[in-house]
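My entries follow the structure.

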Amino acid sequence: MADDGAAHGFEFHEATVDTIQLGFSNGTLTSTALVQFYLDQIDRLNPLLHAVIEVNPDALPQAKHADAERHGGTATGALHGVPILLKDNIATRDALSTTAGSLALLGSMVKRDAGVVARLRRAGAVVLGKASLSEWANFRPVDNGWSARGGQARNPYVLSSTPCGSSAGSGVAAAANMAAVTLGTETDGSILCPSSFNSVVGIKPTLGLTSRAGVVPITPLQDTVGPMCRTVSDAVHVLDTIVGYDEHDAAATGAASKYIPQGGYAEFLKKDGLRGKRIGVPNGFVQRYGQKQLNVYKQHLATMRELGAVVIEKLDVAANLSALLGEIGSNEAIAMQAEFKLSINAYLADLVHSPVHSLADIIAFNKAHPVEERLKDFGQPDLIAAESTNGIGPAERAAIRRLKELNANGLEKMMKEHQLDAIVAPNNAISSLLAIGGHPGIVVPAGYDEKGVPFGICFGGLQGYEPRLIEMAYAFEQATKVRRQPMFKT
């Protein structure tokens, strides 16, 4: 490895995008050495953690190309030469498969890179491989982090604990230093939850801020793509690279592009980012957790106040929170099943080659491979329910309309009434409130329970609130410095 220019003591563990770029510029690091480090980490840890489904055979050649560009003076951007791991529902037109963890899609070929991947490649990032996930992004449903192709992903802090999902492998790999940075996707909780349980930073962006083109879909009403990284600044560098208009996801990216700040998001990495912010703490979310976590959250709220935030506790999103969350869940299910069938059939129709051509084919494939797809354990009720739908009819339209009302009369109303910059809650507790309105959230590591299992804190806002959420998340992270490396406890 010394031959690759890394002999001068570059610290690979917990390396950030900024330290990587510094290493590149001062000659203590090459992209080739960095990629080799992560490939070695994957070799060493993946048999235990099952965070990675495939490594890219072209990762080292891409790294060498990036090194040559740097020597030639044409390297630009924060992610140039930086290895990124992609959740296996994010399409790449290369030697890697894109299967959402399912054997049914093995051998399928996409027409082009996903929109976010095209942006990463233009920025000079190295595609390291594909991360494991809950199969079909948990639309089957399966155990958190299990897929037929990836096996069972495991939490690197406490192996018997959940890694959460569906972006399990992305969270595990970022936490365990198996990649520099990673990408996940979220429909409702799939970035925020695994980020919380793997002690990493996850950004679930405003709907349409990042393109969903070339991502194996669940529903265009809620799907979004975002970074999962060890630090807020790393996540922001990735976000800066992947946002923007995409003709293949034109309506959503066109509508959201007005939120993208002229100078990008990195300018909001401010240590005093909590000063003057109005932060709401909605009732009913913190109470679900153990005493240790409650005490830690109280301490964090005190820290936010010390850093100049106005923290308003005991706010009600609704008169009856559990009724609201129940109604969100039931209406989400109605809309999602119909949207999934339409979306997955459209995705399959757009493939150059595929062993399956419809949702019905996927269901049949699983029936024909019951052992590999663990049909006895998990079944495929969501897929079957989706197949029985017939497009967006009166029931679906009513459900979609109701979700819009619940959003307008719930989170949006509360935030506007109290002029809030954010609400905060544990882990992914508020993911449904954010999901139904296409709103952003950022999870930051918040602590570890008695067993050593991580938990997070989520800053959630309204569409386009990323700049202020980044300010708050970064200031909080810098003041608390909670994250520590995993211990792989049995």
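I looked up strand 2 (residues 83–87) and strand 3 (residues 126–131) in this predicted model: they run parallel, joined by five bridges. Strands here are DSSP runs of E with at least two residues, helices are runs of H or I with at least four, and both are numbered from the N terminus. Two strands pair if DSSP finds at least two bridges between them. Lys 87 faces Ala 131 of strand 3.

Next I checked helix 4 (residues 115–122). Helix 4 packs on the sheet and touches strands 2, 3, 6 and 8. Its direction makes about 175° with that of strand 2. Contact means heavy atoms within 4.5 Å. Axes are lines fitted to C-alpha atoms, for helices over the stretch in contact, and angles between N-to-C directions run from 0 to 180 degrees.

Then I turned to helix 17 (residues 466–480), which also packs on the sheet. Among the strands it touches are strand 7 and strand 12, and its direction makes about 15° with that of strand 12.

Is Phe 476 buried or exposed? Phe 476 sits in helix 17 and is buried, at 0% relative accessible area. Buried means under 20%, exposed over 50%, partly exposed in between, with a 1.4 Å probe and protein chains only. Its contacts, leaving out residues up to four places away in sequence, include His 300, Val 444 and Ile 457.

A note on method: residues are numbered from 1 along each chain as its sequence is written, and side-chain values use heavy atoms, without hydrogens and water. Local features need pLDDT of at least 70, side-chain atom pairs count only at pLDDT 80 or more, and totals for chains, interfaces and linings use all residues.
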